[in-house]
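Let's take a walk through this fold, strand by strand. Have the viewer ready.

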Amino acid sequence: PQIRKAKKQKAFKESIQKGDKVVTTGGLHGKITEIKDLTLTLDVGNGIELKFDKSAISMEASTLNEKAGK
């Protein structure tokens, strides 16, 4: 199960694109505005953009809604 989860996480990180809504490992929600080799920029609202390492991205934001049953 751990290997399957790691493969799924790796595939997700490789498939992220500009415009996707994601959640960081720290719980910050944002929309991807720029992607570079090892970093990406998230728009977190009110015109604030923050740069993160790709490894800091945990999941797609819509995944949280599915887990919460919404």
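## Ground rules

Two strands count as paired if DSSP finds at least two bridges between them; strands themselves are DSSP runs of E, at least two residues long, and helices are runs of H or I of at least four, numbered from the N terminus. This is a predicted model, with local features needing pLDDT of at least 70 and side-chain atom pairs pLDDT 80 or more, while totals for chains, interfaces and linings use all residues. Residues are numbered from 1 along each chain as its sequence is written, and side-chain values use heavy atoms, with hydrogens and water left out.

## The sheet

What is the order of the five strands in the open sheet? They run β4-β3-β2-β1-β5, with antiparallel pairing. β4 and β5 (57-60) sit at the edges, each pairing on one side only, and the twist averages 45° from one strand to the next.

Strand β2 (residues 29-35) pairs with β3 over four antiparallel bridges, and K31 has D43 in β3 as its bridge partner. Helix α1 (residues 2-15) packs on the sheet, touching β1 (21-24) and β5; contact here means heavy atoms within 4.5 Å. The helix direction makes about 85° with that of β5, using lines fitted to C-alpha atoms (for helices, over the stretch in contact) and angles from 0 to 180 degrees between N-to-C directions.

## The β3-β4 hairpin

Strand β3 (residues 39-45) meets β4 in the antiparallel sense over six bridges. Two residues separate the strands of this hairpin, where N46 takes a positive phi near 55°. Further along, L42 has L50 as its bridge partner in β4, a strand covering residues 48-53.
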